[in-house]
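This report walks through one structure, beginning with a single residue and widening out to the elements around it. Please have the sequence and the model at hand while reading.

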Amino acid sequence: MSVASLDPNRNPLWQQRLGRYSERLGEGVPLVVEGRLTRMVGLTLEAVGCQTAIGGRCLIVNPDGSEIEAEVVGFGGEKLYLMPIGDLQGLAPNARVIPTNRACEAPVGPHLLGRVLDGAGRPLDGRGPLQVEERMPITGRLINPLARAPIREPLDVGVRSINSLLTVGRGQRMGLFAGSGVGKSVLLSMMTRYTNADVIVVGLIGERGREVVEFVQNNLGEEGLARSVVVATPADTSPLMRMHGAMLATSIAEYYRDQGMQVLLLMDSLTRFAQAQREIALAIGEPPATKGYPPSVFAKLPQLVERAGNGKPGGGSITAFYTVLAEGDDQNDPIADAARAILDGHIVLSRELGESGHYPAIDIEASISRAMTEITDDTHMQTARRFKQIYSTYQRNRDLINVGAYQKGSDPRVDEAIHYHPRLMQFLRQGMHERVSLVESLDDLDQLLGNALATTQ
């Protein structure tokens, strides 16, 4: 045998064999260290024998071949703490735990408009699979605060009292604070239909399941849904899915903002997001702090809220409204108090106004828009302040007026408040199918109080 026949560079047969071996090596499946399930308490699963990062996904394979997907939410010593994505029915002891080296990502793209998704980005509307090719992390990307465009342009939300007295700017984050059954959802639906925005992203987090159908069919309608994306994770889904629903809705809004669009993000509710994080944190052993809420809840809230807002100058924006459920109408609830500190303003709904048939039941005295001074002129600001002064004067003396103890002429300011009060209340009322533009709102405010403002100057 010649030396040339043994040289693989000169022998075609050797080259052919080496090529086949190289292809087989390339097709090899990487080894994955599997673990096993050792404990389950509530919704918390404990696994040993495998390792993966926080936020990583694992596949739990039962002896019968059924599979359950879970996410790593903590670890301690040799143990991994997992939270299931879906139902735990059929889970067995010592099930195989296989790390997938994947993290939860948000499907994004222009074809999302008009679709209804769950917290994992799967369609709920029965209209077939999503036609998207792009994905982005649901945790978002940090933006340098100095790179954000300032809030300088007012946003027309179609509600007279908000447009005129609590003017909202593009890129602002507002809270909608109320107890249950005071009209949060109706006010959100009004803003969904009437706000001047390119895209609307709605996150229905932890609410009643029937509200999803009602919101899509009655509040949005076909025309509204055509420019909207709805992410729905009702109350009967796992706490992890509820958290993912809020983060997924924010990621979708970020995508459209990065495309230069003006996005309206409506999330109902921020409280359910915090409660989902509380369930997870307490389940893995984090100690409670304020009224049962562990510290991680108050770290997660700003991480979610700060993702909204303006992008780079000349780009798009996310104007966000987050509903905050004040349990027992307590405005000092820990979540309400934390949200009030990190948002750019708050709109408080009054149960007393709602019970009297006054809608939207906005408590003008307790509400504020922190960006209003930057997006309105001096005349508008002075008229809005004059409105609040007259309104507050009447409220402080309402009991005396109602029982007839006040004598006309005793105080000119009270006399003025009594004179204007019926017209102020009529100004604040608005039907749910009535749209009042920003220009119309300012005209109505000027006609109502223009003369009163002139007499005080």
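F321 sits in strand 17, where strands (E, at least two residues) and helices (H or I, at least four residues) are DSSP runs numbered from the N terminus. The model is predicted, so local features need pLDDT of at least 70 and side-chain atom pairs count only at pLDDT 80 or more, while totals for chains, interfaces and linings use all residues. Residues are numbered from 1 along each chain as its sequence is written, and side-chain values use heavy atoms, with hydrogens and water left out.

With a relative accessible area of 0%, F321 is buried. Here buried means under 20% relative accessible area, exposed means over 50%, and partly exposed lies in between, with a 1.4 Å probe and protein chains only. Contact means heavy atoms within 4.5 Å. Beyond its neighbours within four places in sequence, F321 is in contact with V157, V168, M174, L188, M191, L264, L265, L266, M267 and I347. T233 is 88 residues from F321 in sequence, and the two C-alpha atoms are 18 Å apart in space.

Strand 17 covers residues 317-325, and nine of its nine residues are buried, so the strand is largely enclosed by the rest of the structure. In a regular strand the side chains alternate between the two faces of the sheet. On one side of strand 17 are S317, T319, F321, T323 and L325, on the other I318, A320, Y322 and V324, and all are buried.

Two strands are said to pair if DSSP finds at least two bridges between them.

| Partner of strand 17 | Sense | Bridges |
|---|---|---|
| Strand 12 (residues 173-178) | parallel | six |
| Strand 15 (residues 262-268) | parallel | six |
| Strand 16 (residues 309-310) | antiparallel | two |

M174 has F321 as its bridge partner in strand 17. I318 in strand 17 is the bridge partner of V263, and I318 also stands opposite G309. Strand 16 and strand 17 make a hairpin with six residues between them, and G314 in that turn has a positive phi of about 85°.

**The barrel**

Elsewhere, six strands close into a barrel in the order 1-2-5-4-3-6, with antiparallel pairing. On average, neighbouring strands of this sheet are turned by 45° against each other, direction ignored. Axes are lines fitted to C-alpha atoms, for helices over the stretch in contact, and angles run from 0 to 180 degrees between N-to-C directions.

Strand 2 is mostly covered, with four of its five residues buried. Five bridges join it to strand 1 (residues 35-41), which runs antiparallel to strand 2. R36 has V48 as its bridge partner in strand 2. The hairpin of strand 1 and strand 2 has two residues between the strands, and its G42 takes a positive phi near 65°. Strand 2 (residues 44-48) is also joined by four bridges to strand 5 (residues 79-84), again antiparallel. There L45 has L82 as its bridge partner, and A47 stands opposite L80.

**Helices and the largest pocket**

Helix 6 (residues 239-258) lies across strand 3 (56-61), strand 4 (67-76) and strand 5, at about 85° to strand 4. Helix 6 also gives the largest share of the lining of the largest pocket, six residues.

A pocket is found on a 1 Å grid over the protein atoms alone, as an open set of points with protein on both sides within 12 Å along at least five of seven lines; lining residues have an atom within 4 Å of a point. The largest pocket is lined by 34 residues, of which T139, M243, M247, K300 and Q303 lie nearest its centre. Strand 4, helix 6, helix 7 and helix 8 (295-305) are the elements that give two or more residues to that lining.

In helix 7, the buried residues include L270, F273, I280 and A281. Helix 7 is followed by G285, whose phi is positive, near 100°.

**Backbone details in loops**

S269 lies in the loop between strand 15 and helix 7, and the peptide bond joining D268 and S269 is cis, with omega about 10°. Another cis peptide bond runs from Y359 to P360, with omega near -10°. P360 belongs to the loop between helix 10 (351-355) and strand 19 (368-369). N94, though not a glycine, has a positive phi of about 60°; N94 is in the loop between strand 5 and strand 6 (96-103).

Note on methods
On a 1 Å grid over the protein atoms alone, a cavity is a set of points where a 1.4 Å probe fits but cannot get out, and a pocket is an open set with protein on both sides within 12 Å along at least five of seven lines; lining residues have an atom within 4 Å of a point.
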